[in-house]
Amino acid sequence: LAVVTGAALRTLGLVSSRSAAFLDFLAKGQLPPGRVGLTAFQETLIIDGVKYTVSIARSGPRSMRLKLGSVDVTAVVRHLNDGGLLIQVDGQSHVVHSEEEALGTRLTVDTLTCLLANQVDPSQLKAMSPGKLVRYTVADGVDVQADQPYAEVEVMKMFMPLLAPAAGTLRWRLPEGSILAAGDLIATLDLADPAAVTTAEPFTGSFPPMGEPQLMSGGVDSWFAKALEAAQAIIAGYDQPVEAVVEDLLGTLDDPALPLLQWIDALSAVAARLPPDLADHLQEMTAEYRRVLEAVEAGTEADEELPPFPAPLLLATLDAAVQKARPAERGAVAAAVAPLQALAGQHA
């Protein structure tokens with residue numbers, strides 16, 4: 001989970017930083033180079049001494065596909081008003097916040113925290129937190145051993161020693177008395193044995209199998225909505241498997257249950273705002289289509305021909321209801337039936 005959320009967080013940061021450069025190339029009439037692309041990324045995360053290399057492809061405005069090893073995981077990411085992220089993965093939602101530290105990015109996922117560590121370079125001696133460089137305890141050009149104090153700093157009115165991470169020759173970069181910010185380079189080390197430095201161990205496995213980021217009903221209307229969203233993402237330039245999306249889209253459009261399920265969903269959303277007799281009548285008008293469809297799907301009446309979905313009749317009924325409404329109520333009735341008219345018009 002930390003790898004998924006960390007890679008998603010880093011990707012959004014890259015998208016934000018690259019967008020201005022991408023638009024600048026377009027404004028000049030130039031084709032943006034691959035280094036400022038906005039759909040494909042690769043992130044390296046170091047967590048607990050293990051290095052994870054994740055490939056990311058943005059599959060929509062709020063969705064991305066992450067690959068570690070041989071397994072792909074899809075995540076949906078939304079920005080929160082407090083600056084955090086809501087990340088949906090494997091059917092669950094997680095609130096994610098981050099804070100930059102000298103050692104890396106502190107990631108908080110729900111109530112758990114972990115550090116996305118920076119690449120550690122023991123030759124770079126940097127300030128871990130704001131403070132003051134009080135004094136040297138080792139002169140410039142002197143050899144030091146691992147864990148030997150080389151300076152003293154003041155942090156929140158407390159004096160602390162700085163310890164060398166490895167053996168080498170010290171080279172000062174800041175004078176005594178310098179005010180430090182987290183990440184400031186204090187000194188460098190000419191390492192005595194560069195090969196002895198411990199590096200993060202590459203992860204050789206894969207993501208565990210995960211499901212869709214959002215739980216979906218088994219209805220064909222849900223699968224159609226997903227396929228339509230993917231098709232729109234392709235047109236917008238996002239990374240989607242084109243052939244699979246077209247196949248899913250055509251398959252759901254050919255399903256006779258699609259107009260009925262869409263109608264039931266749309267009618268339930270506005271039924272409370274319709275005149276009671278109109279809502280009941282609209283439900284009755286699709287009852288025969290529903291009966292025959294269920295019988296055909298169940299195999300009890302395989303020879304019975306499925307009638308066309310009564311979209312034209314539904315449209316006529318809705319138009320008549322608006323016209324028959326009293327002038328004072330006509331606007332409200334028209335607004336209430338507008339989604340139903342739009343849906344019926346798509347299937348007419």
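Q: How many salt bridges does the structure hold, and what makes a pair count as one?
A: The structure holds nine salt bridges. The label needs a side-chain nitrogen of Lys or Arg within 4 Å of a carboxyl oxygen of Asp or Glu. Bear in mind that this is a predicted model, where local features need pLDDT of at least 70, side-chain atom pairs count only at pLDDT 80 or more, and totals for chains, interfaces and linings use all residues. Residues are numbered from 1 along each chain as its sequence is written, and side-chain values use heavy atoms, with hydrogens and water left out.

Q: Why is the Arg326 and Glu329 pair called a salt bridge?
A: The closest N and O atoms of Arg326 and Glu329 are 2.4 Å apart, and the cut-off is 4 Å, so the pair qualifies.

Q: What about Asp24 and Lys28: what makes them a salt bridge, and how accessible are they?
A: Their closest N and O atoms are 3.3 Å apart, which passes the test. Asp24 is partly exposed at 38%, and Lys28 is exposed at 55%.

Q: What does the salt bridge between Glu152 and Arg135 tie together?
A: Glu152 and Arg135 have their closest N and O atoms 3.5 Å apart. Glu152 lies in strand E12 and Arg135 in strand E10, so the pair ties together parts that are 17 residues apart in sequence. Both count as partly exposed, Glu152 at 23% and Arg135 at 41%.

Q: How do you know that E10 and E12 pair as strands?
A: Strands (E, at least two residues) and helices (H or I, at least four) are DSSP runs, numbered from the N terminus. Two strands pair if DSSP finds at least two bridges between them. E10 and E12 (residues 149-155) have four bridges in the antiparallel sense, so they pair.

Q: What makes the phi of Met156 stand out?
A: Met156 has a positive phi of about 50° although it is not a glycine. Most residues other than glycine have a negative phi. Met156 is found in the loop between E12 and E13, and at 73% it counts as exposed.

Q: Where is Asp110, and what is its phi?
A: Asp110 sits in the loop between strand E7 (104-109) and strand E8 (112-117). Its phi is near 55°, again a positive value in a residue other than glycine. At 40%, Asp110 is partly exposed.

Q: What makes Val242, Val246, Leu250 and Leu253 a patch?
A: Patches are made of residues with over 30% relative accessible area and no salt bridge; like charges are joined within 9 Å, and nonpolar side chains (Val, Leu, Ile, Met, Phe, Trp, Tyr) within 5 Å. These four form a nonpolar patch on the surface with about 340 Å² of accessible area together, by the Shrake-Rupley method with a 1.4 Å probe, where for residues only the protein chains shown count as cover. Leu253, in helix H3 (residues 242-253), has 46% and is partly exposed.

Q: How do you know that the protein is more spread out than a compact globule?
A: The protein has eight helices and 17 strands. Its radius of gyration is 31 Å, well over the 20 Å that the globule rule gives for 348 residues, so it is more spread out than a compact globule. The radius is taken over C-alpha atoms, and the rule is 2.2 Å times the number of residues to the power 0.38.

Terms used
Buried means under 20% relative accessible area, exposed over 50%, partly exposed in between (1.4 Å probe, protein chains only).
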